[in-house]
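Q: I have a model open on my screen and would like to learn how to read it. Can you walk me through it, one feature at a time?

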Amino acid sequence: MSKILLEDLCLDFNIHKKKSIKSLIIPGSERFNKLEPNGVIHALRNINLELNDGDRLAIVGHNGAGKSTMLKMLAGVYPITSGKRFVDGRISSLFEMSTGFEMEATGWENIQLRGLMLGETPESMKDKIAEIAEFSELGDFLNAPVKYYSSGMFIRLAFSVSTAIEPEILLLDEVIAAGDAGFLAKAKQRMKDMMDTANILVFVTHSMPYAIELCNKCIWLERGEIVMSGNTKEVTDEYIKSQKR
């Protein structure tokens, strides 16, 4: 059994900005600053959400609405400011997949390191390393430090490791590149398999048809607050209407 429960959750960022030279020379030049007077950004406000086994949640909204922040909060990257966050289940986060890689270490060493960061054990990784290496198609390049990898090679390695575990809760940002065209079809199938097998899926997307196809629930975020939640078709229809006003 997996579960996500958020009650009256708020997440604030405290940013103490120093006065810029421009603001001293041109009074009022910072009047469009979005920070509160005390230097606080209200990233998420009054979030209430419950997800259980079988739930597939799409998160929609404009850029800057708080969608990626929501994923990072669920993953435990950002500690909440107030309210309740309860997440029960093994999480796999498919965003910022390069986190935890050691640039001086080889591809083989990074497979092991990243796997441990994702919750695997040294014993469980023994059964996964060969499959990860084969899926990445990097061959002898795995013997080299990753600092010498091209961006495409690095993405292949990061994607291959990050998608090798069997998550109970999958947090997915659709803004993911998975290397060159030859690798893309295989990567898409791997992601689809993960979506199908995870107990709970939380999916950030700008594609309304994709949200309807994959998800049974949806929330529409604006400025860190839930504007509407419910059936995916109903929420996405209202979101699309709002774009035309």
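A: Let's start with a cut-off we'll need: a residue is buried under 20% relative accessible area, exposed over 50%, and partly exposed in between. Take Glu131, which is partly exposed, with a relative accessible area of 35%. Keep in mind that this is a predicted model.

Q: What does Glu131 pair with, and which parts of the chain does the pair tie together?

A: A salt bridge is a Lys or Arg side-chain nitrogen within 4 Å of a carboxyl oxygen of Asp or Glu. Here the Glu131 side chain meets that of Arg190, at 2.7 Å from N to O. Glu131 sits in helix 5 and Arg190 in helix 7 (residues 181–197), so the bridge ties together parts 59 residues apart in sequence. Arg190 is buried, with a relative accessible area of 11%.

Q: How many salt bridges are there by this rule?

A: The count is 12. One of the pairs is Lys128 with Glu166, whose closest N and O atoms are 3.2 Å apart. Lys128 belongs to the loop between helix 4 and helix 5, and Glu166 to the loop between helix 6 and strand 6 (169–173), 38 residues apart. Lys128 counts as buried at 14% relative accessibility, while Glu166, at 52%, counts as exposed. There is also a network of salt bridges that links Glu137, Arg156 and Lys186.

Q: How do I read a helix, say helix 3? Which of its residues are buried?

A: Look for the buried residues, then check how they are arranged around the axis. In helix 3 (residues 107–117), the buried ones are Gly107, Asn110, Ile111, Arg114 and Gly115. They cover an arc of only 130 degrees around the axis, so they are on the same side of helix 3. These buried residues pack against strand 5 (91–94), helix 4 (122–126), helix 5 (129–136) and helix 6. After helix 3 comes Gly119, with a positive phi near 105 degrees.

Q: Which residues touch the most other members of the largest nonpolar core?

A: Those are Ile111, Tyr149 and Leu157, in a core of 41 residues. Helix 6 (residues 151–162) contributes the most to this core, with 6 residues. Setting aside neighbours within four places in sequence, Tyr149 contacts Gly107, Leu138, Phe141, Leu142, Ala144, Phe154 and Leu157. Apart from this core lies another of 24 residues, including Ile4, Ala65, Leu171 and Ile219.

Q: And the chain overall: how many helices and strands are there?

A: There are 9 helices and 9 strands. Of the 245 residues, 42% count as buried.

How values were computed: Residues numbered from 1 in each chain as written. Predicted model: local features only at pLDDT ≥ 70, side-chain atom pairs only at ≥ 80, totals over all residues. Heavy atoms only, no water. Helix = DSSP H or I, 4+ residues; strand = E, 2+ residues; numbered from the N terminus. Buried < 20%, exposed > 50% of the residue type's maximum accessible area, 1.4 Å probe, protein only. Core = buried A, V, L, I, M, F, W, Y, C linked by side-chain atoms within 4.5 Å. Contact = heavy atoms within 4.5 Å. Arc of directions from axis to C-beta.
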